[in-house]
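Subject: Handing over the structure, with notes

Hello,

Here is the structure that I promised to pass on to you, and below it you will find my notes. Please read them with the structure open beside you.

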Amino acid sequence: MIKKSIRIKSTSFREASDDSVFNQILGDEPFDMDDEDIEQEEEEQGPIEMFSEGELYVTEERVIIAYDESELTGMEGSHTQVRFERSHPGLVTMMRHGTVNTILVFEKGKRHICTYQTEYMPFEICVFTKEVRNTLLTDGRIELDYIVEIRGAQAERTQFTIEIFEN
């Protein structure tokens, strides 16, 4: 196993989406995930960039990026791992435990129902992944484009990039 200390840059761009991922799963209404059907909020905010220190673990089977969340993310006291199997780099899992507990699964074209446990209450979210670009082992980047919805609330499209740099 290889273990390295790394610097992590994460960039997140979020925008509201009028589409309901849950309604598609429950069969309440037709849902087409083409780009032209993803409506954007008129006022878009710029990307949010954060930097942190973490560790990279690489084994023959698995790759893991591990870091602690900061006050800036609103999840201070949580530890995050972004991981994937080397044989399946298009299936990325984000695990958080601490003040926030969840496992989010990102797989292009797939929907995954996840539980998001906060100190106040748990709630179900649905994640639909539009794209996974995983070049972590060659270029130090993972790019995720996904829609997340808390049941009954407005869906949100997120474009998330994590880049790693050796210390």
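The largest pocket has a volume of about 780 Å³. On a 1 Å grid over the protein atoms alone, a pocket is an open set of points where a 1.4 Å probe fits, with protein on both sides within 12 Å along at least five of seven lines, whereas in a cavity the probe cannot get out; lining residues have an atom within 4 Å of a point. Grid points are joined across faces, edges and corners, and the volume is the space filled by probe spheres set on these points. Of the 32 residues that line the largest pocket, Arg14, Met75, Arg96, Tyr116 and Tyr146 are the closest to its centre. Seven strands, namely β1 (2-17), β2, β3 (62-68), β5 (88-97), β8, β9 and β10 (155-166), each supply at least two residues of this lining, and β1 gives the most, with five residues. By class, the lining has 18 nonpolar, eight polar and six charged residues, where Ala, Val, Leu, Ile, Met, Phe, Trp, Tyr, Cys and Pro count as nonpolar, Asp, Glu, Lys and Arg as charged, and the others, Gly among them, as polar.

Before you go further, please keep in mind that this is a predicted model, in which local features need pLDDT of at least 70 and side-chain atom pairs count only at pLDDT 80 or more, while totals for chains, interfaces and linings use all residues. Residues are numbered from 1 along each chain as its sequence is written, and side-chain values use heavy atoms, with hydrogens and water left out.

Now to the chain as a whole. The secondary structure comes to two helices and 10 strands, which follow one another from the N terminus as β-α-β-β-β-β-β-β-β-α-β-β; helices (H or I, at least four residues) and strands (E, at least two) are DSSP runs, numbered from the N terminus. Of the 167 residues in the protein chain, 41% are buried, and buried means under 20% relative accessible area, exposed over 50%, and partly exposed in between (1.4 Å probe, protein chains only). Among the contacts with a separation of 6 or more, 46% are between residues 24 or more positions apart, a contact being heavy atoms within 4.5 Å.

The structure also holds two aromatic pairs. In one of them, Phe106 and Tyr146 are tilted, at 4.7 Å centre to centre and with 55° between the planes. This pair links distant parts of the chain, since Phe106 is in strand β6 (residues 101-107) and Tyr146 in strand β9 (residues 141-150), 40 residues apart. Rings of Phe, Tyr and Trp (its six-membered ring) pair if their centres lie within 6.5 Å, and planes under 30 degrees apart count as stacked, over 60 as edge-to-face and the rest as tilted. Both Phe106 and Tyr146 are buried.

Ser78 lies in the loop between β3 and β4 (79-85) and counts as buried because its relative accessible area is 1%. The side chain of Ser78 makes a polar contact with the side chain of Thr99 at 2.9 Å; such a contact is a pair of N or O atoms within 3.5 Å, of which, within protein, one must be able to donate a hydrogen and the other to accept it, and residues adjacent in sequence count only if both atoms are side-chain atoms. Thr118 is in the loop between β7 (111-117) and β8 (122-134), and at 19% relative accessibility Thr118 is also buried. The side chain of Thr118 reaches the backbone oxygen of Met121 at 2.8 Å, and, leaving aside neighbours within four places in sequence, Thr118 is in contact with Thr99 and Phe123.

Finally, there are some strand residues to look up. Thr158, in strand β10, is buried, because its relative accessibility is 1%, and, not counting residues up to four places away in sequence, Thr158 touches Ser12, Phe13, Arg14, Leu144, Asp145 and Tyr146. Ile48 lies in strand β2 (residues 48-58) and is partly exposed, because its relative accessibility is 43%. Although Ile48 and Phe13 are 35 residues apart in sequence, they are 6.3 Å apart in space, C-alpha to C-alpha.

Best wishes
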